[in-house]
Amino acid sequence: MKKNLGRAVIALGLLAVVVPSAGCATVRPEQRSILADPVMQFESESPEERQLEHVLENREGSFGGGSVKGGGCGCN
Amino acid sequence: MRSRLSRSARSCLASLGALAAAAISLVATPARAQVVEVDLNNASFHEPSETSQMTVHNPGATLTVLPWDWLSLGVHYEADVVSGASEPVKAGPLSSPDVISQASVTDLRHLVSGSFTLSRKNTSITGSYTYAKEEDYKSQSFAVIAGTEFLQRNTRLELSYARGFDKVCNTAYPPNRDPTVRTPLDSSKGCFTSDAKRQQLDIDIDTFGAAWTQSWTPVFTTQAMLSFGLLHGFLGNPYRGVVIGASGQVAQEHHPENRARFAATLKAKYYLRGLDMSVGGSVRGYRDTWDLLSQTYELEAERYMLPWLRLLVKGRYYNQTGALFWSDDYTGGEPEYGPRGQYWSGDRELSPLKSYLVGGRVLGTWKGTREQRLAGMLLDFSAGASLDVIQTKLEDFSLAGREPDDTTAFVLGLSVHGGF
């Protein structure tokens, strides 16, 4: 219990430092060409990633932390 | 009185007027030329095993229409075509190997979904409905995702919720029948009909998610995601039997009816200007109320080999502990009402395991313009191929003491995208 409380306090402390610092990060629109490139996108919604995730979910005991979805088992 | 009514009527009319004006202004947004996007893809999964030879083909097609800037509509279809063999009875090292037999598995799963996305300035909301059906399983789910961008679009926050209403076919037995004498489902024949030998059991799934994507510098971006899920209902495999007695007594797999799961993921991408390449990594932690704990670590790099050709390589390491009630053998005198005495599982996914993945993808992309379309009709076109190899190391799972040989898998993916 004490251990969990300690972890929660550390996590909240980290959030309290990291979240406001987002406001200091200013990338101007004209500097966004690289960030807008497909190679810099997080691809959890691409068809290939979804299909691979579907395979992994059926071979491993955990899922989640990627995206919201639903629909069917397909777990044979 | 009349004056009050008249004021409230005026206020009501004013509200309706404002609503109508808002609707008109939304519709009257300068329309971009209509765009239609078509995505076709297929993933083929194969386990080259002497016994199971499991093969799954997963073709899919998505049609997305963007009639206006603020609206996107999508329909999606995919199928799972399954063939191979599996072991219907799980036994531990204390049982005779003769208990293990092979049963052929063939199944066809259809999934259709529809979605819409409303976008306005820096905010968007997506709603979707999905229906999936196979011979022994039905699923319906609704999902809503709302996102907004701020701080000069350097910060994006997203909240999501999905609710699934699933049904699984099972052998008909009274609810109060002792789990130790429940028999596994022998086939999907009669499922979802009025057959008295079959019943359907509910599975409710709630998933909540939150994501924070942040651009820190012109070449560095991160994404943090939290996911919380609740599952309630029949959470086992109705076909699987487990040897639970020293005499060889087989009972249907019996899992707890509730499972709460929590996952947190942190991803980062950095662009190496000198190498014209992006490198990325992610760490994910997971824990659930079945006491399954897992970590996932991923690394990837992607580079333009030619202006139109991208190459991606990636590696992934995953490890998990076993569920609290997991045992490779339930005949060894476990306590009757302990976690392993009350529940039993033959599911290798609940056993302690490690998994390694290496993979790569090549993707060619060609862009046209409205004046000069590709092949006279396409605004853009891309085609990709990917190959992933997965090696699973089962630390505590056996089939009557024998190590399974279906622990290597290959996933070949092909995709085509066209924008009209």
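1. Lys314(B) and Glu49(A) form a salt bridge between their side chains, with an N to O distance of 3.2 Å. The model is predicted, and this distance is computed from it. The cut-off for a salt bridge is 4 Å, so the 3.2 Å pair of Lys314(B) and Glu49(A) qualifies. In total, 3 salt bridges link chain B and chain A.

2. Polar contacts also join the two chains. There are 21 such residue pairs between chain B and chain A, counted where both residues have pLDDT 80 or more. On chain B, strand S13 (residues 258-272) supplies the largest share of the side that touches chain A, namely 9 residues.

3. Next, the extent of the interface. Chain B contributes 81 residues to the contact, and chain A contributes 49 residues. About 5200 Å² is buried between chain B and chain A. Carbon and sulfur atoms account for 56% of that buried area.

4. A separate point concerns a sheet in chain B. This sheet is open and has 3 strands, in the order S4-S11-S12. Its pairing is mixed. Strand S4 (89-90) and strand S12 (250-252) of chain B are the edge strands, each pairing on one side only.

5. Within that sheet, how do S4(B) and S11(B) pair, in the parallel or the antiparallel sense? The sense is parallel, over 2 bridges, with S11 of chain B spanning residues 241-243. At residue level, Val89(B) has Gly241(B) in S11(B) as its bridge partner.

Conventions:
Residues are numbered from 1 along each chain as its sequence is written. Chains are lettered from A and ligands numbered from 1 in the order in which they are written. This is a predicted model: local features need pLDDT of at least 70, side-chain atom pairs count only at pLDDT 80 or more; totals for chains, interfaces and linings use all residues. Side-chain values use heavy atoms; hydrogens and water are left out. Two strands pair if DSSP finds at least two bridges between them. Helices (H or I, at least four residues) and strands (E, at least two) are DSSP runs, numbered from the N terminus. Contact means heavy atoms within 4.5 Å. Buried area is the accessible area (1.4 Å probe) that two parts lose on being put together, summed over both. A polar contact is a pair of N or O atoms within 3.5 Å; within protein, one must be able to donate a hydrogen and the other to accept it, and residues adjacent in sequence count only if both atoms are side-chain atoms.
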